[in-house]
Amino acid sequence: RLPSLSNLGSGPTWLTVGSQALPILRDLFGLSPADLRRLRHSYVPMFWRHESELRDFRLVLELACERSPWVQLTEWLTDRHLTRRLHVDDGALSHGNDPVLPAGLVPDAVFTLQRSAGDSKRFYLEIDRGTEVSPQRFGRKLKQYLRVLDQLGGPIVFVVPDEARRAQ
């Protein structure tokens with residue numbers, strides 16, 4: 001059980017992959033032992049709300065793209081993917097066609113939308129739950145993004161929990 005959102009009653013139940021599910025996942029999806037290990041360790045319970053909001057954003061984006069004749073989602077990279085696959089090269093993170101990011105600046109996700117005309121745009125996503133209360137720390141992250149905005153080649157999308165946080 002996870003903590004209650006309102007501090008009243010019991011919180012949601014977190015379901016995860018148990019050992020008995022591994023043979024089924026291996027057979028159904030052809031997952032390798034390394035894939036299964038990554039799957040078993042693909043979440044941090046402490047950050048479940050953030051992870052849930054990130055997955056909600058992706059689901060809404062995928063559904064919107066599915067319904068649109070003009071745009072499709074062609075790439076979705078999570079922060080775990082970025083930190084696992086990227087390496088430091090001259091102070092910047094890069095890997096093949098993956099985005100180039102300055103060391104220490106890893107967004108929650110990077111996604112690419114492609115229009116039916118063929119052109120595409122990459123977006124850098126930050127899910128802000130309002131838990132970062134230090135204006136200095138949040139300001140440093142914003143300054144890092146502003147310094148590399150031209151190099152990134154795409155907008156940074158901040159999703160905030162409410163109007164007060166947006167104003168802040």
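The questions and answers below concern a predicted model of a protein.

Me: In what order do the helices and strands follow one another along the sequence of the protein?
Reply: The predicted protein contains 6 helices and 7 strands.

Me: How far apart are the end C-alpha atoms of helix α3, and what span should its 20 residues have?
Reply: Helix α3 covers residues 48–67, and at 1.5 Å a residue its 20 residues should span 28 Å. The distance between its end C-alpha atoms agrees with that expectation, since it comes to 28 Å.

Me: Which residues of α3 are buried, and which exposed residues does the face turned away from them carry?
Reply: The buried residues in α3 are W48, E51, L54, L61 and C65. They lie on the same side of the helix, because the arc that they cover around the axis is only 155°. The face of α3 turned away from this buried side carries the exposed residues V60 and R67.

Me: Which elements give two or more residues to the largest nonpolar core?
Reply: The largest nonpolar core has 10 residues in all, namely L54, L61, C65, W76, A109, F111, L113, F123, L125 and I127. The elements that contribute two or more residues to this core are α3, β5 (109–115) and β6 (120–127).

Me: Which residues is A109 in contact with, once its neighbours within four places in sequence are left aside?
Reply: A109 is itself a member of the largest nonpolar core. With those sequence neighbours left aside, the contacts of A109 are L54, W76, L77, T78, F123, Y124 and L125.

Me: How are the rings of W76 and F111 arranged, and which strands does the pair tie together?
Reply: The two rings form a stacked aromatic pair, with 5.8 Å from centre to centre and 20° between the planes. Because W76 lies in strand β1 (residues 71–78) and F111 in strand β5, the pair ties together parts that are 35 residues apart in sequence.

Me: Are W76 and F111 buried or exposed?
Reply: Buried means a relative accessible area under 20%. W76 has a relative accessible area of 13%, and F111 has a relative accessibility of 3%. Each value falls below the cut-off, so W76 is buried and F111 likewise counts as buried.

Methods
Residues numbered from 1 in each chain as written. Predicted model: local features only at pLDDT ≥ 70, side-chain atom pairs only at ≥ 80, totals over all residues. Heavy atoms only, no water. Helix = DSSP H or I, 4+ residues; strand = E, 2+ residues; numbered from the N terminus. Expected span 1.5 Å × (residues − 1). Buried < 20%, exposed > 50% of the residue type's maximum accessible area, 1.4 Å probe, protein only. Arc of directions from axis to C-beta. Core = buried A, V, L, I, M, F, W, Y, C linked by side-chain atoms within 4.5 Å. Contact = heavy atoms within 4.5 Å. Phe/Tyr/Trp six-rings, centres within 6.5 Å; stacked < 30°, edge-to-face > 60°.
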